[in-house]
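This report describes how the two chains of the model meet and then turns to selected residues within them. The sequence and structure are shown first.

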Protein chains: 2
Amino acid sequence: MNINYNKLSKCVKGTSVPKPLSGTLSGHAAGEPFDKHVYNEIKKQLPKNTFRQYEYLNDLFNKNPTIIGFEARQALFNSPTVLFLLSRGKNATDKWSIENPFEEKQNDTADILVVKNEFYEIIDIKTRNISKSSQPPNIISAFKLAQVCAKMLDNKEFNTFTINYFEIDWQLVKEKLVCNDTHFACLFKAQPNNLYINWAAAMQIQFHVQDLDQTFKGTLEHWAKIYLKHFVTQAKKRADDMITKFVKPFEKYIK
Amino acid sequence: MNINYNKLSKCVKGTSVPKPLSGTLSGHAAGEPFDKHVYNEIKKQLPKNTFRQYEYLNDLFNKNPTIIGFEARQALFNSPTVLFLLSRGKNATDKWSIENPFEEKQNDTADILVVKNEFYEIIDIKTRNISKSSQPPNIISAFKLAQVCAKMLDNKEFNTFTINYFEIDWQLVKEKLVCNDTHFACLFKAQPNNLYINWAAAMQIQFHVQDLDQTFKGTLEHWAKIYLKHFVTQAKKRADDMITKFVKPFEKYIK
């Protein structure tokens, strides 16, 4: 990891952003202005290495103006796993040009990307209104993570990237959102077996960063294998649960 | 049906609402101001019969001040199916009082409710930015609709309610959203077999109101049975698809 999260935490705690003019304070969107704040602080630590995901892609393609088309541009990534996590679709990549760069996309994997010495640190910012109890937020698609693990194992790629989460706890104080605590967690230090998959909510893994255990001591290879076993077990269970919940109770009406 | 949708359409076409100050124009939320507009027009047609869902519940409980507690308040509905569609949970209903009425809830079934002669007309407003091609919106949970159909059949209740959709097509013209077309469809006039269930998106049925066929000529009882058969078939298919997509490809990594 290249970011100093202790330092980041000190810079962010106690700061505030204006209350959004419209929308409710219940959604995750309310804390979004903090995201910019965190980006600026990380950029202070690593000015040449800090990007938005779309910025990084624009930068990469800009530096290689003679590389054109989807497959050639895909080859600019030296890591198949990072390629899978960060690249855009074929159509969008084919159409990319200096005059027609990528823009921010809501379901991009990374809020912030720090790239240094061929190592990709993916950071996802989660903001949380601590005045209300709330459902754990969507973290990443459990299926996407399974595909990532399979790619890591296929390519024996265990030292090229990591996925980190940074939670900002805020409260409304006199028309301002004030950050009164932050939490950091690395996905690959959590016990993969404990990750909760919400199948009904687009198969999203959900947790509050604050509550994520950080007790896994094994290698990333080991993590990927345990996660895949967990994912497959949970997928089988969900398939069984669907029959119990959505088929059995209604069979008597359709004979 | 008590609402005159042709008249409603004439009142709404060509009208405009101010562009929202913040947020993007891509989400379904952008057209929300039109919802108020439609509500006001329906209220003009049926001033004593038009409600927001929470208004109706507040009104019902206000008129029966001596009826207290969840079960007694549930009994105020003369239709078990409508009760299931419109009522709030046990805890919220227990806590209800004149001083602590219900407020609007994002996942309420009805945007607008017209109640006349013991018949409930549920109206859901869908707004659509026609400058962009967009995914069909979430209509209703396929599981919730299956439960509704089961209740209808259990209680032989086929004349107490309907569910209608009203689509407002708008375009941004000089900082205003202008409605240039509207579409109306009744859920129970669509072929139940054709309803698309997006299992990954919280099991939501999805369609553009404009594209919904209105060719079903049978009874509501028949509709309910065909829908339940469709739902069960699709649930079984989804359970099978989950094994194919989420279990099989990953088995080689976990032996």
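Predicted model: local features only at pLDDT ≥ 70, side-chain atom pairs only at ≥ 80, totals over all residues.

Residues are numbered from 1 along each chain as its sequence is written, chains are lettered from A and ligands numbered from 1 in the order in which they are written, and side-chain values use heavy atoms, with hydrogens and water left out.

## The interface between the chains

Contact (heavy atoms within 4.5 Å) links 30 residues of chain B with 30 residues of chain A. Of the interface residues of chain B, 100% are also interface residues in chain A, so the copies meet through the same surface. The two chains bury about 2,600 Å² between them, 79% of it on carbon and sulfur atoms. Buried area here is the accessible area (1.4 Å probe) that two parts lose on being put together, summed over both.

The elements that give two or more residues to the side of chain B that touches chain A are α7 (142-154) and α8 (220-247) of chain B. Helices (H or I, at least four residues) and strands (E, at least two) are DSSP runs, numbered from the N terminus. The largest share of this side, 14 residues, comes from α8(B). By class, the side of chain B that touches chain A has 21 nonpolar, 2 polar and 7 charged residues. In this scheme Ala, Val, Leu, Ile, Met, Phe, Trp, Tyr, Cys and Pro count as nonpolar, Asp, Glu, Lys and Arg as charged, and the others, Gly among them, as polar.

Between chain B and chain A there are 4 residue pairs in polar contact, both residues being at pLDDT 80 or more. A polar contact is a pair of N or O atoms within 3.5 Å; within protein, one must be able to donate a hydrogen and the other to accept it, and residues adjacent in sequence count only if both atoms are side-chain atoms.

## Salt bridges

A salt bridge is a side-chain nitrogen of Lys or Arg within 4 Å of a carboxyl oxygen of Asp or Glu. Over all chains, the structure holds 22 salt bridges. One of them joins D124(A) and K126(A), whose closest N and O atoms are 3.7 Å apart. D124(A) is buried at 8% relative accessibility, and K126(A) is buried at 15%. The classes are buried (under 20% relative accessible area), exposed (over 50%) and partly exposed (in between), with a 1.4 Å probe and protein chains only.

In helix α6 (residues 90-95) of chain B, K90(B) and D94(B) lie 4 residues apart, about one turn of the helix. Their side chains meet in a salt bridge of 2.8 Å, N to O. K90(B) is partly exposed at 47%, and D94(B) is partly exposed at 33%. Helix α8 of chain B holds K225(B) and E221(B), also 4 residues apart, about one turn of the helix. The N to O distance in the salt bridge between K225(B) and E221(B) is 3.8 Å. K225(B) is partly exposed at 37%, and E221(B) is partly exposed at 33%.

## Individual residues

S9(B) belongs to helix α1 (residues 5-12) of chain B and is buried, with a relative accessible area of 12%. Its side chain is joined to that of T182(B) by a polar contact of 2.7 Å. Not counting residues up to four places away in sequence, S9(B) touches F166(B) and T182(B). P249(B) lies in the segment after α8 of chain B and is partly exposed at 37% relative accessibility.

M203(B) is in the loop between β8 (197-198) and β9 (204-206) of chain B. Phi of M203(B) is near 60°, a positive value in a residue other than glycine, and M203(B) is buried at 8%.
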